[in-house]
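Welcome, and take a moment to look at the chain before reading on.

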Amino acid sequence: MGQLNIKSDKADALVSRLVALTGENKTQAVVAALEERLARVEREQRAEERVRRILDAAADIRRLMGEPMPTMAELDAELYDPDTGLPA
């Protein structure tokens with residue numbers, strides 16, 4: 001069985017306040033707080049990883065499209081018939 005010995009007046013005061021509100025014992029309160037924080041940090045890291053992958057994909061698309069990037073008018077001209085306005 002592992003031991004955690006925290007010698008912090010602030011930590012003790014915080015866990016005491018939490019215990020008073022929840023009715024948990026100090027160990028339960030600390031474990032619940034750590035689980036919640038760990039879940040939040042893991043969610044944030046997954047979100048950051050998704051953003052990084054999206055930005056990397058966007059950079060790849062930009063490279064594949066060549067330089068300079070086509071304007072919206074040029075893209076519209078490729079996609080729509082200028083006479084009817086319907087998709088080409």
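This report goes from the overall shape to the helices and then to a span listed in a database.

First, a word on confidence: this is a predicted model. The chain averages a pLDDT of 92, and 100% of the residues score at least 70. Among the elements, helix 1 has the highest mean pLDDT, 96, while helix 3 has the lowest, 88.

The chain holds 3 helices and 0 strands, so read from the N terminus the order is simply α-α-α.

| Helix | Residues |
|---|---|
| Helix 1 | residues 9–22 |
| Helix 2 | residues 26–65 |
| Helix 3 | residues 72–79 |

How do these elements fill space? Along the principal axes, the C-alpha atoms of the chain take up a box of roughly 75 × 25 × 25 Å. The radius of gyration is 28 Å, whereas a compact globule of 88 residues would have one near 12 Å.

Now look at where helix 1 and helix 2 pack. Their axes are 9 Å apart and form an angle of about 100°; the two helices are therefore roughly perpendicular to each other. On the helix 1 side, the contact involves Asp-12, Val-15, Ser-16, Leu-18 and Val-19, and these meet Lys-26, Ala-29 and Val-30 of helix 2. By type, the residues of this contact are 5 nonpolar, 1 polar and 2 charged.

Finally, a note from a record: an unreviewed UniProt entry lists residues 24–51 as "coiled-coil region". In the model, residues 24–51 are 93% helix and 0% strand, and the end C-alpha atoms of that span lie 38 Å apart.

How values were computed
Residues are numbered from 1 along each chain as its sequence is written. This is a predicted model: local features need pLDDT of at least 70, side-chain atom pairs count only at pLDDT 80 or more; totals for chains, interfaces and linings use all residues. Side-chain values use heavy atoms; hydrogens and water are left out. Axes are lines fitted to C-alpha atoms, for helices over the stretch in contact, and angles run from 0 to 180 degrees between N-to-C directions. Helices (H or I, at least four residues) and strands (E, at least two) are DSSP runs, numbered from the N terminus. Angles under 35 degrees count as roughly parallel, over 145 as roughly antiparallel, 65 to 115 as roughly perpendicular and the rest as oblique. Contact means heavy atoms within 4.5 Å. Ala, Val, Leu, Ile, Met, Phe, Trp, Tyr, Cys and Pro count as nonpolar, Asp, Glu, Lys and Arg as charged, and the others, Gly among them, as polar. UniProt positions are given in the numbering used here, feature names are shortened, and annotations may be inferred rather than shown by experiment. pLDDT is the predictor's confidence in each residue, from 0 to 100. The radius of gyration is taken over C-alpha atoms; the globule rule is 2.2 Å times the number of residues to the power 0.38.
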